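Subject: Model handover and findings

Hello,

Here is the structure for your work. My notes follow below it.

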Amino acid sequence: MKKLLFSLFIAGTFFIACQEKDEPTCPTVDAELVPAIVRDSFAAHYPSVMVETWYKVDALGFCAKFPQPPNTVFAHFGVDGTFQEEKLVDANGKEVDVDNQQEENDHQDEGDNEDDTCECK
């Protein structure tokens, strides 16, 4: 009985610790619900690329997820279709440093989690 209780305690602690670290995941959206201006902007930036998953990023806009082997690309667009940014993520879920500026970005982001936006995953 002690082993069972101890195991439940450890599992609960692990579950709570993981929840506190992760940012909330953005809800997925059917492509038909993404505004045409956003889909058209995506098509202009990424001709002949198929979106794997669309996400609604709070009131900020939309995020398109698509494979670009060996990475996954997350392209962010505003609700008005403006291209905002692109993030490349490797197979381990780590952001790929395409401009050798990851260290600089890490320092800038340390205090920027106050906007409570969700994360496209």
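How many helices and strands are there in the protein chain? There are 3 helices and 5 strands. Helices (H or I, at least four residues) and strands (E, at least two) are DSSP runs, numbered from the N terminus. The order from the N terminus is α-β-α-β-β-β-β-α.

Two notes on the basis. This is a predicted model, in which local features need pLDDT of at least 70 and side-chain atom pairs count only at pLDDT 80 or more, while totals for chains, interfaces and linings use all residues. Residues are numbered from 1 along each chain as its sequence is written, and side-chain values use heavy atoms, with hydrogens and water left out.

Burial. The protein chain has 121 residues, and 24% of them count as buried. Buried means under 20% relative accessible area, exposed over 50%, and partly exposed in between (1.4 Å probe, protein chains only).

Aromatic pairs. Rings of Phe, Tyr and Trp (its six-membered ring) pair if their centres lie within 6.5 Å; planes under 30 degrees apart count as stacked, over 60 as edge-to-face and the rest as tilted. The count comes to 7 aromatic pairs. Take Phe42 and Trp54: the ring centres are 5.7 Å apart and the planes are at 70°, so this pair is edge-to-face. Phe42 lies in helix H2 (residues 36-45) and Trp54 in strand S2 (residues 53-57), so the pair ties together parts 12 residues apart in sequence. Both Phe42 and Trp54 are buried.

Phe42 also pairs with Phe66. Here the centres are 5.6 Å apart and the planes are at 75°, so the pair is edge-to-face. This pair links helix H2 to strand S3 (residues 61-68), 24 residues apart. Phe66 is buried, as is Phe42. Ring pairs join Phe42, Tyr46, Trp54, Phe66, Phe77 and Phe83 into a cluster.

Surface charge. Glu85, Glu95, Asp97 and Asp99 form a patch of negative charge on the surface. Patches are made of residues with over 30% relative accessible area and no salt bridge, with like charges joined within 9 Å. A salt bridge is a side-chain nitrogen of Lys or Arg within 4 Å of a carboxyl oxygen of Asp or Glu. The place of a charge is CG for Asp and CD for Glu.

The S5-H3 loop. Asp99 sits in the loop between strand S5 (83-89) and helix H3 (102-109). Asp99 is exposed, at 56% relative accessible area. Gly93 is found in the loop between S5 and H3. Gly93 counts as exposed, at 53%.

Best regards

Notes. Patch = residues over 30% accessible without salt bridge, like charges linked within 9 Å, V, L, I, M, F, W, Y side chains within 5 Å. Areas by Shrake-Rupley, 256 points an atom, 1.4 Å probe, with all protein chains shown as cover. Lys, Arg positive; Asp, Glu negative; His and termini not counted.
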